[in-house]
Amino acid sequence: MNTPHLDVAVHEQAELGEGPTWDPATGRLIWVDIVSARVHTYDPLSGRRTVMAAEQHVGAAKPRAGGGLVVNLRDGIGLYDADGAFRWLVRDPVPGRRGNDAAVAPDGALWAGSMRYDGAPDGGGLVRVAADGAVTAVLPVVACGNGIGWSPAGSLMYFIDTPTRRIDVFDFDGEHAVDRRPFVTVEEGAGFPDGLTVDAEGAVWVALWDGAAVRRYTPDGALDRIVPVPVRRPTACAFGGRDLDDLYISTARSGLTAPHPLSGSLLVLPDAGRGLPGTPFAG
């Protein structure tokens with residue numbers, strides 16, 4: 001069997017590239033550079049790219065049902081309309097804290113993580129943001145609210161608080177996440193779990209910060225595959241392309257004294273598997 005070859009989708013020097021997300025409505029991949037406050041898009045068919053300056057440091061950008069983007073910013077959740085007009089949906093500034101990773105649940109609500117800039121162990125959280133802006137605190141205290149995803153049937157939710165080295169799993173009823181428990185613990189020396197995605201078989205793919213790899217874990221938590229990457233800090237992964245069979249991997253160069261030339265670029269592993277169709281934010 002041929003092994004797919006890791007390629008470079010976008011040569012870039014993002015400081016903290018994060019959150020790749022496929023937008024089927026536009027046929028583009030969306031990703032962010034958090035600390036440079038930039039939202040990038042990439043069309044794999046034409047090669048066309050766009051870069052938009054965000055209002056603040058931007059942890060995640062996801063498609064909206066009516067066009068435009070929902071963004072997890074330093075001071076809360078913002079909305080960009082299709083014409084680029086911006087407004088706040090939820091504004092809740094906390095000194096020293098910023099938005100981090102986020103994901104849209106099957107019902108169209110946004111689940112948004114946060115963290116402190118100094119990485120304090122109790123400075124972040126995880127919230128659910130409904131289409132009308134109603135906020136529910138899910139986990140009021142985490143260090144680094146990170147990778148979030150759902151099983152194909154929507155009955156399980158996965159979540160990462162990066163310093164714990166764990167991927168946790170919850171039972172999910174469509175709105176509430178309950179019975180948090182460990183799904184996988186990444187062994188010391190292999191890096192820290194960062195962003196994740198779930199494929200059509202229910203397996204969890206996770207990027208390992210400081211681990212120079214992306215891993216695939218089967219639904220029962222067994223390590224199934226390791227994809228080495230040339231950069232030390234892959235940050236997140238997502239399936240994209242017309243058939244959702246290409247795995248895109250965001251990367252970072254932040255904090256590295258001698259980063260690899262591809263650190264900060266968007267990488268792609270063609271024909272890696274098959275992803276799940278995403279849900280746009282309902283607001």
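Is Arg-165 buried or exposed?

1. Arg-165 is buried, with a relative accessible area of 16%; buried means under 20%, exposed over 50%, and partly exposed in between, with a 1.4 Å probe and protein chains only. Arg-165 lies in the loop between E15 and E16. Strands (E, at least two residues) and helices (H or I, at least four) are DSSP runs, numbered from the N terminus. The charged end of Arg-165 sits over the ring of Phe-192, 4.1 Å from its centre. Such a placement requires CZ of Arg or NZ of Lys within 6 Å of the ring centre and within 35 degrees of the ring normal.

2. The model is predicted: local features need pLDDT of at least 70 and side-chain atom pairs count only at pLDDT 80 or more, while totals for chains, interfaces and linings use all residues. Residues are numbered from 1 along each chain as its sequence is written, and side-chain values use heavy atoms, with hydrogens and water left out.

3. Backbone angles deserve a look at two places. Most residues other than glycine have a negative phi, and most peptide bonds are trans. Arg-165, which is not a glycine, has a positive phi of about 65°. Asp-271 is likewise not a glycine and has a positive phi of about 50°. Asp-271 is found in the segment after E24 and counts as exposed, at 55% relative accessibility.

4. Leu-266 lies in strand E24, residues 266-269, and is buried, with a relative accessible area of 0%. Asp-7 is 259 residues away from Leu-266 in sequence, yet the C-alpha to C-alpha distance is 9.0 Å. Apart from neighbours within four places in sequence, the contacts of Leu-266 (heavy atoms within 4.5 Å) include Val-8, Val-10, Trp-31, Tyr-42 and Ile-249.

5. The largest nonpolar core has 15 residues, of which Trp-205, Val-214, Leu-247 and Ile-249 touch the most other members. A nonpolar core is a set of buried Ala, Val, Leu, Ile, Met, Phe, Trp, Tyr and Cys residues joined through side-chain atoms within 4.5 Å. Two or more residues of this core come from each of strand E19 (204-209), strand E22 (234-240), strand E23 (246-251) and E24. Not counting residues up to four places away in sequence, Ile-249 touches Leu-6, Val-229, Pro-234 and Leu-267, among others.

6. An open sheet is formed by 4 strands in the order E14-E15-E16-E17, with antiparallel pairing; two strands pair if DSSP finds at least two bridges between them. Strand E14 (145-150) and strand E17 (177-185) stand at the edges with a single partner strand each, so one side of each has no neighbour in the sheet. From one strand to the next the twist averages 25°, taken between N-to-C directions of axes fitted to C-alpha atoms, on a scale from 0 to 180 degrees. E14 pairs with strand E15 (residues 156-161) over 4 bridges, and Gly-149 has Tyr-158 in E15 as its bridge partner. Asn-146, also in strand E14, is buried at 3% relative accessible area.

7. How many residues of strand E6 are buried? The count is 6 of the 6 residues, 58-63, so strand E6 is largely enclosed by the rest of the structure. Antiparallel to E6 runs strand E7 (residues 69-73), joined to E6 by 5 bridges. Ala-60 stands opposite Asn-72 in E7. The two strands E6 and E7 form a hairpin with 5 residues between them, and Gly-67 in the turn has a positive phi of about 100°.

8. The structure holds 8 aromatic pairs. Rings of Phe, Tyr and Trp (its six-membered ring) pair if their centres lie within 6.5 Å; planes under 30 degrees apart count as stacked, over 60 as edge-to-face and the rest as tilted. Tyr-80 and Phe-86 have ring centres 5.0 Å apart and planes at 50°, so this pair is tilted. For Trp-111 and Phe-172 the centres are 5.7 Å apart and the planes are at 65°, so that pair is edge-to-face. Trp-111 lies in strand E11 (residues 110-116) and Phe-172 in strand E16 (residues 166-172), so the pair ties together parts 61 residues apart in sequence.
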